[in-house]
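Dear colleague,

I am passing on a structure that you have not worked with before, and my notes on it follow below. Please read them with the model open beside you.

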Amino acid sequence: TKLILLDSLLQEMSYTLYQGTRLGLALKEALDEMEEYDQISPSVKRVILRKFDETICDTFQNNVDNRLVLRAERLWSFRFCDSVWQLLLKNVEFLTNSGNLVASVKGKVKIVACDARKPDRR
């Protein structure tokens with residue numbers, strides 16, 4: 001039973017990563033306001049956030065090309081802990097596999113990458 005609880009906790013943790021994105025923070029802010037004015041209950045808010053995280057994860061897994069080439073002027077730091085990579089890069093270009101420029105960011109970029117697939121899909 002401890003393994004099942006740990007697996008469930010890790011799945012929940014990997015999903016909540018998306019709540020820290022700009023879109024996730026905007027959703028949280030809107031839901032907080034709705035909860036404040038008694039338009040939704042705390043349990044409905046939790047269900048909406050959980051569904052948001054699951055939907056984002058499924059969309060990335062099924063509908064987004066999961067390969068991207070990064071080219072950076074400098075790698076400031078990197079860390080791998082608990083199956084999560086954290087990279088801090090400077091002046092980054094994001095390219096498709098064919099070499100087409102998707103985006104270019106001047107300054108520092110922090111990338112957090114983890115395996116957010118559901119345990120039964122690993």
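This is a predicted model: local features need pLDDT of at least 70, side-chain atom pairs count only at pLDDT 80 or more; totals for chains, interfaces and linings use all residues.

Three strands make up an open sheet, ordered β1-β2-β3 and with antiparallel pairing. The strands at the edges are β1 and β3 (101-114), each of which pairs on one side only, and neighbouring strands of this sheet are turned against each other by 10° on average, if direction is ignored.

On the surface there is a nonpolar patch formed by L75, F78, F80 and W85, which together have about 450 Å² of accessible area. Strand β1 (residues 69-81) contributes the largest share of this patch, namely three residues. F80, which lies in strand β1, is partly exposed, because its relative accessible area of 49% falls between the limits of 20% for buried and 50% for exposed.

Two loop residues may also be worth a look as you go through the backbone. S83, in the loop between β1 and β2, has a positive phi of about 65° although it is not a glycine. D38, found in the loop between α2 (22-36) and α3 (42-63), likewise has a positive phi, near 55°, in a residue other than glycine, and D38 is exposed, with a relative accessible area of 69%.

With best regards

Conventions: Residues are numbered from 1 along each chain as its sequence is written. Side-chain values use heavy atoms; hydrogens and water are left out. Patches are made of residues with over 30% relative accessible area and no salt bridge: like charges are joined within 9 Å, nonpolar side chains (Val, Leu, Ile, Met, Phe, Trp, Tyr) within 5 Å. Accessible areas come from the Shrake-Rupley method with a 1.4 Å probe; for residues, only the protein chains shown count as cover. A salt bridge is a side-chain nitrogen of Lys or Arg within 4 Å of a carboxyl oxygen of Asp or Glu. Helices (H or I, at least four residues) and strands (E, at least two) are DSSP runs, numbered from the N terminus. Buried means under 20% relative accessible area, exposed over 50%, partly exposed in between (1.4 Å probe, protein chains only). Two strands pair if DSSP finds at least two bridges between them. Axes are lines fitted to C-alpha atoms, for helices over the stretch in contact, and angles run from 0 to 180 degrees between N-to-C directions.
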